[in-house]
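Welcome! Here is a short briefing to read alongside the model, grouped by topic.

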Amino acid sequence: MGDLGTYIPIVLALTLAKDLNLGTTLLFTGIYNIITGITYGVPMPVQPMKSIAAVAISSGESFGIPEIMAAGICTGGVVFLLGITGLMGFAYRLIPLPVVRGIQLSQGLSFAMTAVKYVRKVHNFSTGKSGEERSWLGPDGMLLALVCVCLVVIITGAGEERSEKDEMDELISTGVLLRPERRKLWRILFSLPSAVLVFLLGIILAIVRKPAAVQEIKFGPAAIKLVTISKHAWKEGFIKGAIPQIPLSVLNSVIAVCKLSADLFPGKDFSATSVSVTVGLMNMVGCWFGAMPCCHGAGGLAGQYKFGGRSGGSVAILGACKVILGVVLGSTLVKILTQFPVGLLGVLLLFAGIELAMAARDMNNKEESFVMLVTTAVSLVASGAAVGFGCGIVLSLILKLRHLMHS
């Protein structure tokens, strides 16, 4: 459940604003989860293409489902070609690590800041805008979100890898554990799946907020049909959707994911070529049937890791759940998701963003940190990873030229 803080808001926004086929999206993304979990052996996430979603939500009726799917197919095709030609692998080896870390840090901070908005402000997913301050009390109040944040911190700590013995020894040394029954209680607490608890709490509260939503649910899968894409839709999808999405997919969905996976799972490295191919195939197949354009995301991988995901089994189980929901409930699941407390989604997104940003802590000197922070600042202010990436590359080249001149 660790990456649902990014998955649910975007899927819900596209479903409400653009009539995205939620049942088809759940079915296809669930299958993707299962395949990638088995293929890579790490909790490789399946995330929405955020730039395409942002364009769709902000463009009104001029950018509908055909344009969204055209953008996904075009983006997937370009990423697929970069993979099979070996260009993606070349870029992965060539791009300096501080630049990649800058992209990861900017994406992580962006997630974290969005999460804080979810907790503090009333959010309308169909328009993508925040409204007035959220009340403290109630099923979607700030107090509940803050309690869940504290619960996650108590269970997972700062996310460092520590054995159960280390946790027990620390509690014993501080005098917290004086009795065997207390030791058993803390052992149970540390083993709780915090993300699952937060998500299940959200589902319960969604039903409490609108009990009639359960009666509105209809069983059975949504109809799967081919999306008709006109020449105009291809043009609009490529220009408005694919062009801004391609740099983000290359940097965050392939290169940053490979770098982060190597950091989190030593010995389980996989090539940028293989990740490019899976991203391309997902969209060149699913988008024809109306499934949301998707990719792998470093933020989703960080979220899975933060909440305990250590193998491909975690996303495979998540994928199986999506497939079951897509087949049994179809698109009517949106009746419940619209009532899901946004503040709890903010909790999941907050920890995913912080975990992704923490990947930047391995910069070894001031020069590397300088390049990373400039890349981060430009990416955040310019609202685009591509601009920050370009500035980071130029800055790295200037610094290398300076070293050559001194030598």
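The structure holds seven aromatic pairs, where rings of Phe, Tyr and Trp (its six-membered ring) pair if their centres lie within 6.5 Å, with planes under 30 degrees apart counted as stacked, over 60 as edge-to-face and the rest as tilted. This is a predicted model: local features need pLDDT of at least 70, side-chain atom pairs count only at pLDDT 80 or more, and totals for chains, interfaces and linings use all residues. Residues are numbered from 1 along each chain as its sequence is written, and side-chain values use heavy atoms, with hydrogens and water left out.

**Aromatic rings**
- Tyr 40 and Phe 270 make a tilted pair, 4.8 Å centre to centre with 50 degrees between the planes.
- This pair links distant parts of the chain, 230 residues apart: Tyr 40 is in helix α2 (residues 22-40) and Phe 270 in the loop between α12 and α13. Helices are DSSP runs (H or I, at least four residues), numbered from the N terminus.
- Both Tyr 40 and Phe 270 are buried (buried means under 20% relative accessible area, exposed over 50%, partly exposed in between, with a 1.4 Å probe and protein chains only).
- Phe 28, Tyr 32 and Phe 289 are joined into a cluster by ring pairs.

**The loop between α12 and α13**
- Gly 267 also has its place in this loop, between α12 (231-264) and α13 (272-286).
- Gly 267 counts as exposed because its relative accessibility is 77%.

**Helix α12**
- Asn 252 lies in helix α12 and is buried, with a relative accessible area of 3%.
- Beyond its neighbours within four places in sequence, Asn 252 is in contact (heavy atoms within 4.5 Å) with residues including Gln 107 and His 296.

Notes:
Helix = DSSP H or I, 4+ residues; strand = E, 2+ residues; numbered from the N terminus.
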